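Subject: Structure handover, salt bridges

Hello,

Here is the structure I promised to pass on. Please have it open while you read the notes below.

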Amino acid sequence: PTIFINSDEDGVFRTSLIPNNDYNLKITFLGYKNIEQTLNIAQKDINQNFILAKAINELKEVVINYKPPVQIKKDTTIYDIDAFKNGNERKLKELLKKLPGVEINRKGEVFIKNKKVTKVLVENRNFFNGKSKFAIENIPADVIKEVQFIEDYNEIKFLKGQNESDEIALNILLRDDKKKFIFGDIQNGIGINNNYRVNPSIFKYSPTLLVNLIGDSNNTYSQSVALSDYFSFEGNANFNEILNSPISRFLQDENYFKNQHLFAGFNTQLNKDDKNEFRLFVIGLIDKKNYLTSKNKLFLASQAFENRSQNWNSNNNIFLGKLNYKFTPDKKTVLKLQNSIEFVDLNKFSNNISKTQISNINYAESENNFNFKIKSDISYNHSFSDKNTFVTNIKFSYANEKFN
């Protein structure tokens, strides 16, 4: 049988054993080495002393497998998506709504800490035009591993911190098993009055190649391209010039009751090595709309009554493209070439009727805007030291606009 005995504070203990037997003695005390010994008990009592030697116990490496759901590292806020999702989310938009401190407005703009996200990246590379609408409505939720919000963002790393920037980038990191595969989905919808919508999206990411393809065909009250998307495409061009351009006026026009809309967007980026980067971004849009306005007027002085109606039909074709090349020979030098092309053909035709008690006037109006633009921008950036940086830009633009 096994006998357990506790000693007193001086280490003394006493027990009775059956004589003429062998016993295995084991003495233990925290912080000291164990003593193990075989004792042979004879007919008489025995008294024996033991001295314990101190033990040097070193803990082995302790690994804690815990990742906090939200981390803040300098100017970057990181969200671990697995901590917030429940598996029912379909798109990035539904995930972002669950992140603390993140908000999305009706225009698809993302805010963190009440600051607007100005650029969207996937795996640290631009997603289409960098605006949030394309990303949050098209990137599937189940491919996302982590979401990062980077404040004071600058594409050229050595320029970061040179001047205070309001740029905030949303960087989306993909799950490891999605980085080398093609993935995507198709959303279809059919409603009353023969309404429909088909919205396919295809994505491919790899260490050297990025491909995004988005389509949208619908006859609902929906536009794939917003005015903010056009502003971002034009870059740093004159704001008033952009706002008064034909395509800007077309994107602001929301008074239609019938629509046939066909959109396609393509974005690809090739990084053959650390020094060379090629990027192509193209969107095409064919849009047909019908407008109808009706006004009734009573002129108090003459008591004359007028009914005026205006029925507009529009047919719009838009093509926007960008081809960029970035050369980074070393960590202190960046050469960028940006080329853009814009083709816009907007047509409107209206039938107008004005009826009063004494007259019936019927007249037609037509409007056509044709716009063709080419722009090139060459920029050279070099950092001599932390205090001395050289930046230069050369710009070229050509425009041919006709209005009838």
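Asp82 is partly exposed, at 42% relative accessibility. (Buried means under 20% relative accessible area, exposed over 50%, and partly exposed in between, with a 1.4 Å probe and protein chains only.) This is a predicted model: local features need pLDDT of at least 70, side-chain atom pairs count only at pLDDT 80 or more, and totals for chains, interfaces and linings use all residues. Residues are numbered from 1 along each chain as its sequence is written, and side-chain values use heavy atoms, with hydrogens and water left out.

Now the salt bridges. The term covers a side-chain nitrogen of Lys or Arg within 4 Å of a carboxyl oxygen of Asp or Glu. The count is 11.

Asp82 pairs with Lys85. Their closest N and O atoms are 3.7 Å apart. Lys85 is partly exposed too, at 29%.

Next, Asp176 and Lys145. Their salt bridge has its closest N and O atoms 3.8 Å apart. Asp176 lies in the loop between strands E11 (168-174) and E12 (182-190), and Lys145 in strand E10 (residues 144-151), so the pair ties together parts 31 residues apart in sequence. Strands here are DSSP runs of at least two residues, numbered from the N terminus. Asp176 is exposed, at 58%. Lys145 is partly exposed, at 26%.

One more pair: Arg308 and Glu306 meet in a salt bridge at 2.9 Å, N to O. Glu306 is buried, at 7%. Arg308 is partly exposed, at 38%.

There is also a network. Shared partners link Asp82, Lys85 and Arg175 through salt bridges.

Best wishes

Technical notes
Helices (H or I, at least four residues) and strands (E, at least two) are DSSP runs, numbered from the N terminus.
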